[in-house]
Amino acid sequence: MSGAAAGGASSCIGAATASGSAVGSCAVGAGGGAGVAGRLPSRVLEHVFSYLELPDLIRCSLVCWHWNSCLADENSEVWRSLCARSLSEEATRSDILCNLPTYKGKLKSYQHALSSHDCSRNVYVKKNGFTLHRNPIAQSTDGARGKIGFSEGRHAWEIWWEGPLGTVAVIGIATKRAPMQCQGYVALLGSDDQSWGWNLVDNNLLHNGEVNGNFPQCNNAPKYQIGERIRVILDMEDKTLAFERGFEFLGVAFRGLPKACLFPAVSAVYGNTEVTMVYLGKPLDG
């Protein structure tokens, strides 16, 4: 990189990362390339961007069309570098993120993973950043919410158990008000009006402390198998929650969801069992 190019890149990056002044400091014409920002070569921008963190990259994408275009490739060196810095080696080398083909998609999944700060005291998120481990505590049901909830749009994520289910193993959604721990071995998700759950042990749908029927609605529905990935589909436009298994659509489990911020959630009772959740983004229709 020449000294002139480096200096130009540095000044524009500084302007871009200053909150509220990015676009004004690197103003460009209507064609999106009249200023310094629009004249920097893509290879120079990509090199500089590869050192930035996500908040700065988001600001940079708003500077001009040229910068936005440089960040549009979700498998570029920019996103690969950030992925390498943000995700654990275990997560990137295992098959946890195998259904996410881009580095940017993997980063987004990490942002939406189960929260180590919004969970029962009897569980913790492992170093891979995606797997919940429940400690062997007697007479306790323990859960966790995702880091980010949804009040609009359509969202999908995968969940799978990597240990015994025990008597109760529930996946679903919850508001911030839903408890994530209680005494005894119960279906915590669905135990009140703040959560909705599917118990994988007996195939019951649960909400407001009541069983809302069996799921999926077919004769002799197969029970969940350890390691099997269940895809959860939340549609905040139609206010529905649906499930898929092995890319087979199982149907809509809940309708009429409230206009509230709803979080991915799980609850477990078996000691040392582990549950992994991976956010996939917008579901693919068909």
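This is a short walk through the model, stop by stop, with what to select at each one.

**Before you click**

You're looking at a predicted model, where local features need pLDDT of at least 70, side-chain atom pairs count only at pLDDT 80 or more, and totals for chains, interfaces and linings use all residues. Numbering runs from 1 along each chain as its sequence is written, and side-chain values use heavy atoms, with hydrogens and water left out.

**The whole protein**

Start with a cartoon view: there are nine helices and 15 strands. Helices (H or I, at least four residues) and strands (E, at least two) are DSSP runs, numbered from the N terminus. Of the 286 residues, 52% are buried; buried means under 20% relative accessible area, exposed over 50%, and partly exposed in between (1.4 Å probe, protein chains only).

Select helix 7, residues 77-86. Its buried residues include Val 78, Trp 79 and Leu 82, and what covers the buried residues of this helix includes helix 4, helix 5 and helix 9 (103-111).

Now show the side chains of Glu 53 and Arg 85, which meet in a salt bridge at 3.2 Å, N to O. (That term means a side-chain nitrogen of Lys or Arg within 4 Å of a carboxyl oxygen of Asp or Glu.) Glu 53 lies in the loop between helix 4 (42-49) and helix 5 (54-60) and Arg 85 in helix 7, so the pair ties together parts that are 32 residues apart in sequence. Glu 53 is partly exposed at 37%, and Arg 85 is partly exposed too, at 40%.

**Strands 5 and 11**

The structure holds eleven salt bridges; select Arg 154 and Asp 235 for another of them, with the closest N and O atoms 3.3 Å apart. Arg 154 is in strand 5 (residues 154-161) and Asp 235 in strand 11 (residues 230-235), so this pair ties together parts 81 residues apart in sequence. Both Arg 154 and Asp 235 are buried.

Glu 158 belongs to strand 5 and Arg 231 to strand 11, so here the linked parts are 73 residues apart in sequence. Glu 158 counts as buried at 4% relative accessibility, and Arg 231 does at 17%.

**An aromatic cluster**

Next, pick Phe 150, Trp 157 and Tyr 279, which form one aromatic cluster. Rings of Phe, Tyr and Trp (its six-membered ring) pair if their centres lie within 6.5 Å; planes under 30 degrees apart count as stacked, over 60 as edge-to-face and the rest as tilted. A search of the whole structure finds seven aromatic pairs. Phe 150 and Trp 157 are one of them, stacked at 6.1 Å centre to centre with 25° between the planes. Phe 150 and Trp 157 are both buried. Phe 150 also stacks with Tyr 279, at 5.7 Å and 20°. Phe 150 lies in the loop between strand 4 (140-146) and strand 5 and Tyr 279 in strand 15 (residues 274-281), so the pair ties together parts 129 residues apart in sequence.

**Charges over rings**

Select Arg 229 and Trp 160: Arg 229 lies over the face of Trp 160, 3.7 Å from the ring centre. The criterion is NZ of Lys or CZ of Arg within 6 Å of the ring centre and within 35 degrees of the ring normal. Then try Lys 176, which sits over the face of Phe 263 at 5.2 Å from the ring centre. Lys 176 is also linked with Asp 118 and Arg 145 in a network of salt bridges.

Conventions. Contact means heavy atoms within 4.5 Å.
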